[in-house]
Amino acid sequence: MSPDRLSQPGLEYLAQRHVLTYLEDALSQLLENREEVEPCSSARFFSEYFNSVSQGTHVLFREFEFVQATPHNRASILRIFWKCFRTIAKNGDLLTVNEYHCLLQMLCPDFPMELTQRAARIVLMDDAMDCLMSFSDFLYALQIQFYYSEFLDSASAIYHDLLTGKNSNTVIVPTSRLPVSRQRQPPGDSCTHEGVDAGQFYQGVESLCERYRHSFPPLPLLCEITSSATRVTFYGFLMALAKHPGINRQIGALPDKADLLIDEALDLELDKIIAQLSTASISQPGGSCNLPSREVIRVPSPRKPVSTRKRPDMESDGSTEETDSSEN
């Protein structure tokens, strides 16, 4: 825990950490399950609830309204998504937007399709939304689009105002959470337009962050991204956010891209389960069985891509490539 918490007023600290949100949710769940919870076990119920919050498992199978309610909830579902489906990256599978959305709905049944599509647009060209994506490309794009959804909505408005010659200071900062933010997407931004002046765009974003109450990337990193060129397009800005390792570490939900396939704790548990199954099968008289392996725990391979066009500046680590149609 940060030492700065000791210098914060109590109510400010509670609001910043969304403690009241979790207290209300815990109480609501306690009342909903009061017939199954003994009166003397209420303290234990709250203890287990907040332990779940600390571990990040409290968002599993919850409604989207709760999953997106706090930054910690958003980071938690992203981390669960990575842990559950990282074997897709291990196997080198490429999936479509709809297939990734189905995986998200296995964790959050009402996860909005629009949010999944927006993440895909960071990876794919607008006219190639039916192409396949690697797990790593989609995952880091989803992280930026979901975790910073309100900030990106406001940044898109600033970009659009600069693109049309309006004063970016007139942008209205969102004051309420929506199931899905409604970003304005400049037509032709990704392909034909040269974008806006990078310095002006950063000044507008900096002014926004000074009065912003939602999560936003650190200003030094935003300055680093926008100062790399004289002009910037909004989709180029999104791709730079998704690829930036410093922003990924700031969110704290996912490992660096080089460590995406590594989860020593989970691998150890899988090894234990496989060893137990192997021992049990050997002890069974006169028989053997096909033992599961990590390679078996996978999403069925999708159809082979006709084209896997991607944005040239959103290169993957080699997992997204054209596949020989003769291979099975």
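How many of the 10 residues of helix H13 are buried? Seven of them are, so to speak under cover, and H13 is mostly covered. Here "buried" means under 20% relative accessible area, "exposed" means over 50%, and "partly exposed" lies in between, with a 1.4 Å probe and protein chains only. The buried residues of H13 are Phe234, Tyr235, Phe237, Leu238, Met239, Leu241 and Ala242.

Before going further, a word on what you are looking at. This is a predicted model, in which local features need pLDDT of at least 70 and side-chain atom pairs count only at pLDDT 80 or more, while totals for chains, interfaces and linings use all residues. Residues are numbered from 1 along each chain as its sequence is written, and side-chain values use heavy atoms, leaving out hydrogens and water.

**The whole protein**

The protein has 15 helices and four strands. Both are DSSP runs numbered from the N terminus: helices are H or I with at least four residues, and strands are E with at least two. Of the 328 residues in the protein, 44% are buried. A contact means heavy atoms within 4.5 Å. Among contacts between residues at least 6 apart in sequence, 71% join residues at least 24 apart.

**Aromatic rings**

A pair of aromatic rings is described by the distance of the centres and the angle of the planes. Rings of Phe, Tyr and Trp (its six-membered ring) pair if their centres lie within 6.5 Å; planes under 30 degrees apart count as stacked, over 60 as edge-to-face and the rest as tilted. By this rule there are 15 aromatic pairs.

Elsewhere, Phe81, Phe85, Tyr100, Phe135 and Phe138 form one aromatic cluster.

Helix H2 (residues 19–32) has 14 residues and reaches 20 Å from its first C-alpha to its last, close to the 20 Å expected at 1.5 Å a residue. The expected span is 1.5 Å times one less than the number of residues. The buried residues of H2 are Tyr22, Asp25, Ala26 and Leu30. They cover an arc of only 135 degrees around the axis, which puts them on the same side of H2; the arc is that of the directions from the helix axis to the C-beta atoms. Their cover includes helix H3 (42–55), helix H4 (64–67) and helix H5 (71–85). The face turned away from the buried side carries the exposed residues Leu20, Glu24 and Glu32.

**Two residues up close**

Ile251 lies in helix H14 (residues 245–251) and counts as buried because its relative accessibility is 8%. Not counting residues up to four places away in sequence, Ile251 touches Gln143, Ile144, Tyr147 and Tyr148. Val123, in helix H8 (residues 113–123), counts as buried at 0% relative accessibility. Val123 and Leu238 are 115 residues apart in sequence and 9.6 Å apart in space, C-alpha to C-alpha.
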